[in-house]
Amino acid sequence: MSTILEKIAAIEAEMARTQKNKATAGHLGLLKARLAKLRRELITPKGGGGGTGEGFDVAKTGDARIGFVGFPSVGKSTLLSNLAGVYSEVAAYEFTTLTTVPGCIKYKGAKIQLLDLPGIIEGAKDGKGRGRQVIAVARTCSLIFIVLDVLKPLQHKKLIEHELEGFGLRLNKQPPNITFRRKDKGGINLNVMVSQSELDLDTVKTILSEYKIHNADITLKYDATSDDLIDVVEGNRVYMPCIYILNKIDQISIEELDVIYKIPHCVPISAHHKWNFDDLLEKMWDYLKLVRIYTKPKGQLPDYNAPIVLHSDRTAVEDFCNKLHRSIAKEFKYALVWGSSVKHQPQKVGIEHVLADEDVVQIVKKI
């Protein structure tokens with residue numbers, strides 16, 4: 001382990017020394033590719049994945065999973081206790097939560113699992129503390145809450161982002177718009193659709209040679225960086241929405257609060273006094289992008305108490321059937337739908353029809 005860490009430190013030091021200009025772009029790209037490979041080795045040690053660490057493997061339940069990440073003593077446990085009514089050991093000293101504590105809240109009919117992950121410390125991505133197991137669980141979440149102390153917010157925000165980035169988590173970002181396809185022969189073929197400020201054919205070849213890739217077609221559809229290209233080649237990045245929760249606002253002035261509200265993806269709260277929880281839950285709902293579909297048995301009123309919850313990128317009638325039971329899609333004849341996804345109320349639709357939030361659906365099976 002220490003040798004990998006030493007190599008990482010040496011590469012980071014060399015990158016810090018190297019001036020950024022057109023002449024060094026290829027060299028920096030190569031160093032970044034080496035760094036990404038070493039970090040991957042650190043996450044997935046050779047000889048198969050071992051255990052996930054005591055108490056870190058929490059069964060996934062509910063419709064979505066939110067991970068609370070933050071430095072020790074920023075109020076994650078208090079927030080979880082007050083949101084979920086789950087008792088997570090709270091104390092006024094650092095490092096109270098040493099294992100993952102699951103809780104669950106019901107919001108707008110959806111069941112959402114909350115995980116209070118142990119306090120992340122600097123160097124988590126290099127295996128310090130229990131950072132590796134913490135971030136491995138964070139990668140399985142639908143949304144990350146980064147909880148920050150309002151009195152020391154921005155330096156903590158940068159450190160945590162750096163840790164999560166190092167572990168292949170990309171917060172509030174879209175996957176790079178780069179087409180990458182390996183082939184057996186023909187060398188490296190680079191297609192550029194807009195002018196590039198960082199990547200040229202030589203830099204791309206240098207980065208790919210580090211991965212022993214000598215034949216590939218690459219299309220850059222925007223002004224991409226070497227980091228974007230490495231993310232596409234690595235292929236194991238997780239793109240995830242994230243909300244920054246600035247806790248302990250009871251300790252600052254109204255003027256300071258106005259400034260904080262301008263930070264993107266940010267919600268100021270007081271976990272202790274339960275201030276601004278409505279705003280937080282509303283933002284959480286927007287970022288989770290969940291869609292509620294109500295079922296209607298034949299001849300009965302719709303069941304508005306227990307919606308079937310789907311993710312917004314999988315909302316076809318077929319996804320709805322599969323969520324109810326795997327066998328339903330096989331026996332499916334057509335569906336009657338009431339709601340904003342159809343023009344008539346009800347409308348007869350096929351299995352490919354895309355549903356909208358709060359639609360009502362009645363499935364008609366083949367006889």
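Visitor: In which loop is Pro346 found?

Guide: Keep in mind throughout that this is a predicted model. The peptide bond from Gln345 to Pro346 is cis, with omega near -10 degrees. As for its place in the chain, Pro346 is found in the loop between β14 and β15.

Visitor: What is the order of the strands in the open sheet of 5 strands?

Guide: The pairing in this sheet is mixed, and the twist from one strand to the next averages 40 degrees. Helix α10 packs on the sheet, where it touches β12, β13, β14, β15 and β16, and its direction makes about 115 degrees with that of β13. Read across the sheet, the strand order is β13-β12-β16-β14-β15.

Visitor: Why is one side of β13 and of β15 left without a neighbour in that sheet?

Guide: The sheet is an open one, with β13 and β15 standing at its edges. One side of each is left without a neighbour because each of these two strands has a single partner strand.

Visitor: Over how many bridges do β7 and β8 pair?

Guide: Strand β8 takes in residues 216-220, and its pairing with β7 is in the parallel sense. The number of bridges over which β7 and β8 pair is 5.

Visitor: How far apart are the axes of α6 and α7?

Guide: Two packed helices are described by the angle between their axes and the distance between the axes. For α6 and α7 the angle is about 35 degrees, and α6 passes α7 in a right-handed crossing. The distance between the axes of α6 and α7 is 11 Å.

Visitor: How many of the residues in the contact of α6 with α7 are nonpolar?

Guide: On one side of the contact, Val204, Ile207 and Leu208 in α6 meet Ser226, Leu229, Ile230 and Val233 in α7. Divided by class, the residues of this contact include 1 polar and no charged, and the number that are nonpolar is 6.

Visitor: Which element gives the largest share of the lining of the largest pocket?

Guide: The largest pocket has a volume of about 710 Å³ and is lined by 28 residues, of which Ser142, Leu288, Lys289, His311 and Asp313 lie nearest its centre. The elements giving two or more residues to this lining are β1 (64-69), β9 (238-240), α9 (277-288), β13 (303-311) and α10 (317-324). By class, the lining has 11 nonpolar, 8 polar and 9 charged residues. The largest share, 3 residues, comes from β13.

Visitor: How many charged residues are in the lining of the second largest pocket?

Guide: This pocket has a volume of about 520 Å³, and 21 residues line it, with Arg39, Glu165, Arg170, Asp227 and Asp231 lying nearest its centre. Two or more lining residues come from each of α1 (2-17), α2 (25-43), α5 (153-166) and α7. Alongside 7 nonpolar and 4 polar residues, the number of charged residues in the lining is 10.

Visitor: What distance separates the C-alpha atoms of Ala84 and Gly103?

Guide: Ala84 is found in helix α3, residues 76-84, and Gly103 is 19 residues apart from Ala84 along the chain. Leaving aside residues up to four places away in sequence, Ala84 touches Gly103, Cys104, Ile105 and Leu114. The C-alpha atoms of Ala84 and Gly103 are separated by 5.8 Å.

Technical notes: Residues numbered from 1 in each chain as written. Predicted model: local features only at pLDDT ≥ 70, side-chain atom pairs only at ≥ 80, totals over all residues. Heavy atoms only, no water. Pairing = 2+ DSSP bridges. Helix = DSSP H or I, 4+ residues; strand = E, 2+ residues; numbered from the N terminus. Axes fitted to C-alpha atoms, helices over the stretch in contact; angles between N-to-C directions. Left-handed = near helix turned anticlockwise from the far one by under 90°. Contact = heavy atoms within 4.5 Å. Nonpolar A, V, L, I, M, F, W, Y, C, P; charged D, E, K, R; others polar. 1 Å grid on protein atoms, 1.4 Å probe; cavity = no way out; pocket = protein on both sides within 12 Å on 5 of 7 lines; lining within 4 Å. Points joined across faces, edges and corners; volume = space filled by probe spheres on them.
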